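Here is a briefing on charged side chains and their surroundings. Look over the sequence and model first.

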Amino acid sequence: MKNFLILFVFCISFLSFGQKIKEDDNKILFDGTAIAKVDKDKTGTQFTYTSLDGSTGIVANLKTHKIDAQNSKSWLVVTNLDGSKKTEVNFELLSFTLNYKKAIAELLAKKYTIFTAKGIENLDAFFAEERPSISAEIEKVKEAGKVDAKQLATLNYQIHTAEKLVFSGEVPEDAFTSKYSDAERKEFMSKVVAKYVVSWKQDSSPYPVLNVDILSLSGRSLVKAVDRGGKMVVALTESSKTFTYAPSFEYTSRSSAADTERLVKEVVDNSYLNGQKFMTLSEAEVLLSAKNADKMAKYEEAKKNSANIFDKKGYAIDPKGEKTEGKVTIDFERIAAPKSSNGMVDLDGGGDGKLVTVFGPNEKGNLRTFNFKAKENVMFGVYNDDNTETKYRALLVKIENVAPKDNTALDLGALAGVSLASASWKYFKEVQVTDKMSIYQDIPSNTYVIKVPNQEKGFQILVKKGKEDKFLSKLKEYVGDSVGSSDLEKIDYSNLEGLKNLVDLYSNFK
């Protein structure tokens, strides 16, 4: 019987995803039967799919963002016919085809079950699912790219004769001396945007002619300057533009290295004045695309390394005891990528720990996103890979956010920057829960919070250097007269074991 059921499920799955989707004569065919009509606009990127009777349908806009010369990002912005509902999904080819009308229909049929043998279905469930805005993420990248483009347009650069390189940004004159480490020299090299060659060549003239060539890192000529009777004729090779200028000094074959730098800088400066950069538009696009791709990669890495929870199997339970199961997501902290040679990449991901979402089925079995605010006194849990579960509780607590000295572990003995905060509802990780006193952890600050039943608010364990007496006074006020001051003073509040001793002490007196 069990084998029969497995075979039955396999057959159903095969039938569900084995149908052929075709497009012919502006109709979508499902196993050869017309189930919808399709219309493409003049741009060739907007496709309107409607049922055969015209009663329902969707509009799919194909969006593309070029990442670099070889890669691009494509996605669909899907709305219903009146535009009142919208969602975005990644565009992917499920089979080889050059027909976008068919490709989109195939994706929506096989992955999202919008197109079925009966026509266009399941639109409510499709639009009810909350998905991240791909367009918004791409806009962040574009905005970051505008900043980079502005920096390129006003490029602050240095010339180095010894290495024959042109650098963007500030690079010390003695960059390649023993004064700097290999890592620092590597940092300087990461700023190279071009290389140059200054030479005396035997052209048609019987005398050597001064030539200045500025090349891309791949060796392609970007700017070529030649001396003609005391003036430099400069050609911007990829734009076919030329101009002439008179150098501010006389350059000869016996000129110094400093004069060489000065000459190259003049060539570059005059290239700017004529509306062009020694880095051509195509060259700049490659550089900016690489920077943007790097930022996106850092953003994804930062998400993975953050304390936030993304689409992890779990549940939420409201004060009435109603349990909602599905995939849990919550932002405890703002997402910021680590420092690199390009500086800090900071793509804000929220990070207040006040809202948890659960993506799962409703009473009818349709998938949707449920939002649970901390102030609604909700608890939630997630299932770990080792089959254990971690629980989180909503508490009303005044939390002071601290900046650890080493970004790895909180130093409660000598805290750095502290910012004051008022009491608010947010989610805390359960550490030890008893009916007398419970311990919770604040994820962003990595500090602990205690909570007793007869107090409305929780109490953050935060001992600031030089203010130990004030902390003990407030703690005494929170726990009441059940624990003596001398006993409170003996406890080590810098670690979890000390807090567990506080719980035991309080529970025994109570």
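At 24% relative accessibility, does Lys110 count as buried, partly exposed or exposed? Lys110 counts as partly exposed (buried is under 20% relative accessible area, exposed over 50%, partly exposed in between; 1.4 Å probe, protein chains only). This is a predicted model: local features need pLDDT of at least 70, side-chain atom pairs count only at pLDDT 80 or more, and totals for chains, interfaces and linings use all residues. Residues are numbered from 1 along each chain as its sequence is written, and side-chain values use heavy atoms, without hydrogens and water.

**Salt bridges**
- The structure holds 13 salt bridges (a side-chain nitrogen of Lys or Arg within 4 Å of a carboxyl oxygen of Asp or Glu).
- Glu106 pairs with Lys110, with the closest N and O atoms 3.4 Å apart.
- These two residues sit 4 apart in helix α2, so about one helical turn separates them (helices are DSSP runs of H or I, at least four residues; strands are runs of E, at least two; both are numbered from the N terminus).
- Glu106 is buried, at 4% relative accessibility.
- Glu92 and Lys111 form a salt bridge at 2.6 Å, N to O.
- That pair links distant parts of the chain, 19 residues apart.
- Glu92 is partly exposed at 29%, and Lys111 is partly exposed at 46%.
- Lys201, Asp213 and Lys224 form a salt-bridge network.

**Strand β12**
- Ser199 lies in strand β12 (residues 192–202).
- Ser199 is buried, at 15% relative accessibility.
- Beyond neighbours within four places in sequence, Ser199 contacts Val209, Leu210 and Asn211 (contact means heavy atoms within 4.5 Å).
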